[in-house]
Structures are given as structure tokens and as C-alpha cells.
Amino acid sequence: MLLLLVIVGGIGYLLFGQQRDRPATNWTTLQGKQQQLADLKGNVVLVNFWATTCTGCMAEMPKLVALQQKLQSQPYKTLAVAMSYDDRARIDHYVARTGLPFIVTHDTTDQISEAFGDIQLTPTSFLLDKEGRIIQRYVGEPDMATLEAKIRSLI
């Protein structure tokens, strides 16, 4: 019986424990800079999975821009992760046209998506605390006032 509890506990830890709560991933920004999630420690981070072909993402993005600008003096960062199926030329055009004020990467190998649980639907966002732990997952566009309040509570 004790062995069964240890096994179940171990499986539970692997599925829901520290590894899952602190995704370890790295990326290259559109500007070619190598980064990893650990580089953002000390900041509340919103990791946003999006695509230029996603109408919900395109409706959400200006609101995320406004939120980033509102919190620019705070320890808060947005990481916009373009999905692997998105076209790099379209991503570059959109970023150039809108001047996104946050970190943008193209997840060409699905490495970031897999680190966050194999993201399939966009927009999907994760709010991370200053230690990099996942606090909240949002599928679809979150209520921006509620999101801002949650971010401020974590700052």
C-alpha cells in the first residue's frame, strides 16, 4: 500500500509538480537574440500563443499592446509566441506594422508550445509570477481588466 502511494505521488509530482509549473524553454527573438524563460525571472510574464491567421488573436493583440504600455514601468513582460504554422513573412510584416512593444518569437519547432502543454488553440496565454510559476491559463481572450488586476497583484 505504501509503495502504491509513493508511485501515485511520484506520478502526480511529474504531472503537476514543479517541472510543469516552471516551464523550461528557450527561444530566438525575431531580431535573433537568444533568450530563455529564466532570463525573465523577477518579472510577471504573460506568455501569449498567437497566429496572424487567428482572428481572435488579431482582435486581442492591440489590447495586449495597450496593457504592456500601461505597465511598461513595472516588472512585467509579454512574450508573444507565434505558432509554428504561421508564416514568418506575415509575422514580420505584422510586427513591423504594429510595432509590438514586447518580446516576439516564432516557435518553428513547437518547443515552446510543448513546454506549455502542447498548445493547439490560439489565442492561449499563461500568466507567470516573478518566479516563473504558472498562475493562470487563458484560452481565448481574457477579460483585460481582470488580467490587469491579477498582474498588478503579482507585481
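## Helix α3 and its packing

In this predicted model, the buried residues of helix α3 pack against β3, β4, α4, β6 and α6 (144-154). Those buried residues are Cys57, Glu60, Met61, Leu64, Val65, Leu67 and Gln68. An α-helix has 3.6 residues a turn, so residues three or four places apart point the same way.

Helix α3 covers residues 55-70, 16 residues in total. From its first C-alpha to its last, α3 reaches 24 Å. That is close to the 22 Å expected at 1.5 Å a residue. The helix is not straight: α3 bends by about 30° at methionine 61. A proline, proline 62, follows within four residues. Methionine 61 is also one of the buried residues of α3.

## Overall layout

The protein has six helices and seven strands. From the N terminus on, the elements run α-α-β-β-β-α-β-α-β-α-β-β-α.

Of the 155 residues, 41% are buried. Take the contacts with a separation of 6 or more: residues 24 or more positions apart account for 70% of them.

## The five-stranded sheet

Five strands form an open sheet in the order β5-β4-β3-β6-β7. Pairing is mixed. Strands β5 (103-106) and β7 (134-139) stand at the edges. Each has a single partner strand, so one side of each is left without a neighbour in the sheet. From one strand to the next, the twist averages 15°.

Helix α4 (residues 88-98) packs on this sheet. It touches β3 (44-50), β4 (76-82) and β5. The direction of α4 makes about 165° with that of β5. Helix α4 is also among the elements that the buried residues of α3 pack against.

Strands of a sheet pair through backbone hydrogen bonds, either parallel or antiparallel. Strand β6 (residues 124-128) pairs with β7 in the antiparallel sense. Five bridges link the two. In one of the residue pairings, serine 125 has tyrosine 138 in β7 as its bridge partner.

Threonine 78 lies in strand β4. Its relative accessibility is 1%, so threonine 78 counts as buried, the cut-off being under 20%.

Which side chains make polar contacts with the side chain of threonine 78? One is the side chain of glutamine 68, at 2.7 Å. Another is the side chain of tyrosine 76, at 3.1 Å. Glutamine 68 is among the buried residues of α3.

Leaving aside residues up to four places away in sequence, threonine 78 touches Leu46, Gln68, Phe102 and Ile103.

## Backbone exceptions in the loops

Most residues other than glycine have a negative phi, and most peptide bonds are trans.

Proline 123 is found in the loop between α5 (111-115) and β6.

Aspartate 118 lies in the loop between α5 and β6. Its phi is positive, near 60°, and the residue is not glycine. With a relative accessible area of 42%, aspartate 118 is partly exposed.

Aspartate 110 is found in the loop between β5 and α5. Its phi is also positive, about 65°, although aspartate 110 is not a glycine. At 25% relative accessibility, aspartate 110 counts as partly exposed.

Notes. Residues are numbered from 1 along each chain as its sequence is written. This is a predicted model: local features need pLDDT of at least 70, side-chain atom pairs count only at pLDDT 80 or more; totals for chains, interfaces and linings use all residues. Side-chain values use heavy atoms; hydrogens and water are left out. Two strands pair if DSSP finds at least two bridges between them. Axes are lines fitted to C-alpha atoms, for helices over the stretch in contact, and angles run from 0 to 180 degrees between N-to-C directions. Contact means heavy atoms within 4.5 Å. The expected span of a helix is 1.5 Å times one less than its number of residues. The bend at a residue is the angle between axes fitted to the seven residues ending there and the seven starting there. Buried means under 20% relative accessible area, exposed over 50%, partly exposed in between (1.4 Å probe, protein chains only). A polar contact is a pair of N or O atoms within 3.5 Å; within protein, one must be able to donate a hydrogen and the other to accept it, and residues adjacent in sequence count only if both atoms are side-chain atoms.
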